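Please consult the sequence and the coordinates alongside each answer.

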Amino acid sequence: MKQTVLALSIALGIASTGAFAQTAQPTAPRTAPPAAPLPLPSDPPATWNLATLYAGDAAWDAARQALLAQLPQLKALQGTLGASPATLLHALRALSAAQKEAARLDVYASLKSDQDTQVTANQARRQLSSALQNQLAEATAWEASEVAAIGPAKVDAFIAAEPGLAPHAYGLHTLLRLAGHTLSASEEALLAGAAEPLSQPQQIYELLANADLPWPTLTVHGKKVRLDQETYVALRDDADPKVREQVFHAFWPVFKAYQRTLGAIYVAHLRGVAFDARAHKFDSALQDALSQANTPDTVYRAMVAEANAGLPTLQRYLRLRGRLLGLKQQQYSDIYAALVKPPRSYTLGEAEQLTLQGVAPLGEDYVKTLAQHFQEGWMDAVPRQGKRSGAYMNPGAYDVHPFVLTSFNNNYESVSTVAHEWGHAMHSVFADAAQPFELANYGIFVAEIPSTTNEMLLSDYVIAHARTRNEKIYALAMQLELLRGTFFRQALFAEFELKTHEAVEQGRPLTGEDLSALYLELLRRYHGDAQGVMKIDELYGAEWEYIPHFYTDYYVYQYATSISAAAYFATGIEQGDTALRTRYLDMLKAGGSNDPYVIVKQAGVDMATPAPYRALVERMGRLVDQLDALTGGPGAAK
Ligand SMILES: [Zn+2]
């Protein structure tokens, strides 16, 4: 899950790394000190301490064997759920305990493997853990259909009669809600058999896109370079506009040449998804995807509508970029060009210090708790030979604490990643303390809100305390790119997905050429081609072929909704709205105790209304004003 998320964030153009699953000079002096000194050593622990999970590998294996030995007893619980409130409670407690231990075992196995992927024993342990998860899932696969057969009336009567069932009530109701879309056992078995062939379009796409496309060789700055997906990312922000154009004009024709085949592959995927949604009695693939977390589809449509309403602000930002880059006519190949070079580097200690200063608006308790956990061996921060790359937070060890992995390399992105991943970690700290195991684990729809809120608070702090004009410009540009990449770009993808799924669901023909035309229209509309903001060549209509996430349906919209909610919370909390801050912290404490849409709504942000999206667009507008004024634009004389 995590590897994929990281690889995807590059394709998606997201600045920071994904959920739970993101260059160095002498150190400059610290930024302006905070009001009160913070208790932080200059040398944070370099790696995590896994002994809090298990005393060692032998203890881990003993715990795994013990859990394996329990599987027959879990199987034997089948048929007991509906007998009485007491038997239901007994069974659910046993299932919970097994799931909790399995999750803890998996945290140890995956962290140990990530800290050194070259050790064979680590790989073997990871496979053992993965096999255990599958065996547990098999031994307990009867649960959902048995709860469905008991039915809502009897389940509710049991919950009323047995107070011990309270922590299980939300899970039971979710199973009952989804039961309406579960077919008979034989029908489900038939569909399960079709799942493998239906997943083939994605497999074929990955083979073609990652291995078989014929990449050209270029001469860039006098050096020969084989262009592929990796070198494209490395070269697309070159300081020379001619090089950027050269790279784009060599990269995109490769995808364009396979438009017909890649279109047939994607449409085959869409048809498979439509078939599965219909078979499970959903009106559409959108309804199917959103029903898992019970998110209303009005959220999706509100986000897309408000992204479109906010396009003048995106285009104002792009115009300003064009001026700062000194370009007469901006091209799509200029979209990744940096406005200024990174003005300074950071140590890990400074990253933690800055994060603490940035999140100060969240309150003393939050800051103190975070400062304390920074010192407790929860994070493996620095890249090493053999260590897994990227960044994530792993929340799986409920009775222990979350773990964080980053690849800290002294640049501003690394600092922002520390703030981001610890936003996830603190979410789990609050949720685990307030909720029983069954209700602690939160969904992706809410997960990216605290991480992005922390990134925004950090960025606002760095902007406000920049010591030089260059530092301020850099920090403004970084946040503006975060808003562009995580809101507008993901909204464009979301709009594309909706249109392509709907075309297939309505039985309209769809070819690779149609898909490129559709995508080109979106690119031009978002980036103001008709308004002369950015010129989009017809060639770039092929970009949809490059985005692997279109095979993970209706997922990326959550990046756009999360950053919008984060903009709403960060701005309000910075302005001193203490009631909003309390509701925000209550949202963290709510964990997974309700549907994520409801949890966010209870914090005062209804994601089906325009308010959060407008908060994001207004924030972007303010940052554009600041950058414009700072760089000699119309506001500069003030
Ligand atoms: Zn994240």
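Axes are lines fitted to C-alpha atoms, for helices over the stretch in contact, and angles run from 0 to 180 degrees between N-to-C directions. Helices (H or I, at least four residues) and strands (E, at least two) are DSSP runs numbered from the N terminus. The model is predicted: local features need pLDDT of at least 70, side-chain atom pairs count only at pLDDT 80 or more, and totals for chains, interfaces and linings use all residues. Residues are numbered from 1 along each chain as its sequence is written, and side-chain values use heavy atoms, with hydrogens and water left out.

Q: At what angle do helix H14 and helix H23 pack?
A: Helix H14 spans residues 297–309 and helix H23 spans residues 557–574, with their axes 10 Å apart. H14 is roughly perpendicular to H23, a class that covers 65 to 115 degrees (under 35 is roughly parallel, over 145 roughly antiparallel, the rest oblique). The packing angle is about 75°.

Q: Which residues of H23 make the contact with H14?
A: Contact means heavy atoms within 4.5 Å. By class, this contact has 5 nonpolar, 1 polar and no charged residues, where Ala, Val, Leu, Ile, Met, Phe, Trp, Tyr, Cys and Pro count as nonpolar, Asp, Glu, Lys and Arg as charged, and the others, Gly among them, as polar. H14 contributes Val 299, Tyr 300 and Met 303, and H23 contributes Tyr 557, Ala 560 and Thr 561.

Q: Which residues in H22 meet those of H15?
A: The axes of helix H15 (residues 311–324) and helix H22 (residues 512–527) come within 8 Å and cross at roughly 75°. Their contact has 4 nonpolar, 2 polar and 1 charged residues. Leu 311, Leu 314, Gln 315 and Leu 318 in H15 meet, in H22, Arg 525, Tyr 526 and His 527.

Q: Which residue in E5 is the bridge partner of Tyr 392?
A: Two strands pair if DSSP finds at least two bridges between them. Strand E5 (residues 403–405) runs antiparallel to E4, joined by 3 bridges. The partner of Tyr 392 in E5 is Leu 405.
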